[in-house]
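Visitor: I have a structure open and would like to go through some of its parts. Can we take it piece by piece?

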Amino acid sequence: MSLKRKASNVPLSDTAKKPKANGSITSFFGGPKTVPGDAAAKNSTGACLPAMKFNKDAWVKTLTPEQKELLQLEIDTLHESWLKELRDDIMSREFLELKRFLKSQIQGGRKVYPPMEDVYSWSRHTPLNTVKAVILGQDPYHNTHQAHGLAFSVRAPTPAPPSLKNIYIALARDYPTFTPPPNKLGDLTPWADRGVLLLNTCLTVRAHEANSHANRGWEKFTQRIIEVVAAKRMGVVFLAWGTPAGKRVVKVDRKRHEVLQAVHPSPLSASRGWFDCGHFKKCNEWLEGRYGVGAGVDWDLGGKKKEEKEEVVGVVAEKEGVVEKDVEVQKKGLEAAIEDDEFEDEDALAAMLEEAEKGV
């Protein structure tokens, strides 16, 4: 099976499994389905017309001066397709308190990642009506030149972190023609542009302090994003890696969507079945089975030199599930107390170990 999929000129009925009801590529890549409760007018024939377009300017005028100040980032950088669905959530008491917290962090001189303009980059690269798959991450990367608003992705010139390296290995097992970004980098923006929502549980973090913005309100907000996708889109693949991510998709309707779960790709847990999970091929098989040829995700990241590609393929053949450790976790018995799939990469783990050792 090819990594890249191109639509055929032959009718879908002759080349692919017949799509399910309401499961055409046109309906999939069009706007979110209208569901009960949406305001939709009808024409003289009784057919539903598209819902009224969200009037962002009119909505902004309803905000109080404090709300407008606190929500300026959302107004300026959250894609309108998401703002339309999440406007009530960002006006909630809990979310405004979260924004006050972030404001105090920044005004107090604390460095926060990702840069503010990138906090909602996931929404701009993957508008709601383009979502075909969701990959759930956890805490943003917390070191310089890493986080840029897309789960598991790091901006250049940062090389791919350990978890992402293991993602590349699993992809090469599913698709031997897979090529990562050049120079061992880890920018997953092409996936986001192709309809893969790369969503972290928390959207911000203090520099060099893993999980420092946990339990401040991001978790409730990002859970709402998952709920919006599940309610407004028809037939999306949710990829949940690790126990925390699995908890986020418990209520997703399995009859309406596909949910794929596996251990986290972190080197701390990947040896327990990550490399053989086959999620990337399963995702495409489900999408193509439902919508026809061309509906799968092009996972290729392109531009890789021959020797770099051979390195990944060699790792796939050689490792056989043996995980490369980049940090030592055998420190004063702390490893036994750590739920390893709570961490996106070992930078987060190392920071947590350092803090724990201070209290030993």
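Visitor: What covers the buried residues of H6?
Guide: This is a predicted model, to begin with. The cover over the buried residues of helix H6 includes helices H3 (56-61), H5 (72-77), H7 (93-107), H8 and H11, along with strand E3 (196-199).

Visitor: And which residues in H6 are buried?
Guide: Ser81, Trp82, Leu83, Glu85, Leu86, Asp89 and Ile90 are the buried ones in H6.

Visitor: At what angle do H6 and H11 pack?
Guide: H6, which covers residues 80-90, packs with H11 at an angle of about 140°, and the axes are 11 Å apart. Angles over 145 degrees would count as roughly antiparallel, so H6 and H11 are oblique to each other.

Visitor: Is the crossing left-handed or right-handed?
Guide: Right-handed, where H6 passes H11.

Visitor: Which residues make the contact?
Guide: From H6, Trp82, Glu85, Leu86, Asp89 and Ile90. From H11, Phe221, Arg224, Ile225, Val228, Val229 and Lys232.

Visitor: New topic, aromatic rings. How many aromatic pairs are there?
Guide: The count comes to 16 aromatic pairs, with ring centres within 6.5 Å as the cut-off. In one of them, the ring centres of tyrosine 120 and tryptophan 218 are 6.4 Å apart and the planes are at 70°, so this pair is edge-to-face.

Visitor: Where do tyrosine 120 and tryptophan 218 lie?
Guide: Tyrosine 120 is in the loop between strand E1 (112-113) and helix H8 (121-125), while tryptophan 218 is in helix H11 (residues 218-232). The pair therefore ties together parts that are 98 residues apart in sequence. Both tyrosine 120 and tryptophan 218 are buried.

Visitor: Which residues form the aromatic cluster?
Guide: Trp82, Phe95, Tyr120, Trp122, Trp218 and Phe221 form one cluster. Trp82 and Phe221 also take part in the contact between H6 and H11.

Visitor: What about tyrosine 168 and phenylalanine 178, how far apart are their centres?
Guide: The centres are 5.7 Å apart, and the planes are at 45°, so the pair of tyrosine 168 and phenylalanine 178 is tilted. Tyrosine 168 belongs to helix H9 (residues 162-174) and phenylalanine 178 to the loop between H9 and helix H10 (189-193), so the pair links parts that are ten residues apart in sequence.

Visitor: Why does tyrosine 168 count as buried?
Guide: Because its relative accessibility is 5%, and buried means under 20%. Phenylalanine 178, at 2% relative accessibility, counts as buried too.

Visitor: Last one. Which ring does the charged end of arginine 216 sit over?
Guide: The ring of phenylalanine 101, at 4.0 Å from its centre. Lysine 281 lies over the face of tyrosine 175, 5.9 Å from the ring centre.

Methods
Residues numbered from 1 in each chain as written. Predicted model: local features only at pLDDT ≥ 70, side-chain atom pairs only at ≥ 80, totals over all residues. Heavy atoms only, no water. Phe/Tyr/Trp six-rings, centres within 6.5 Å; stacked < 30°, edge-to-face > 60°. Helix = DSSP H or I, 4+ residues; strand = E, 2+ residues; numbered from the N terminus. Buried < 20%, exposed > 50% of the residue type's maximum accessible area, 1.4 Å probe, protein only. Lys NZ or Arg CZ within 6 Å of the ring centre and 35° of its normal. Axes fitted to C-alpha atoms, helices over the stretch in contact; angles between N-to-C directions. Parallel < 35°, antiparallel > 145°, perpendicular 65-115°, else oblique. Left-handed = near helix turned anticlockwise from the far one by under 90°. Contact = heavy atoms within 4.5 Å.
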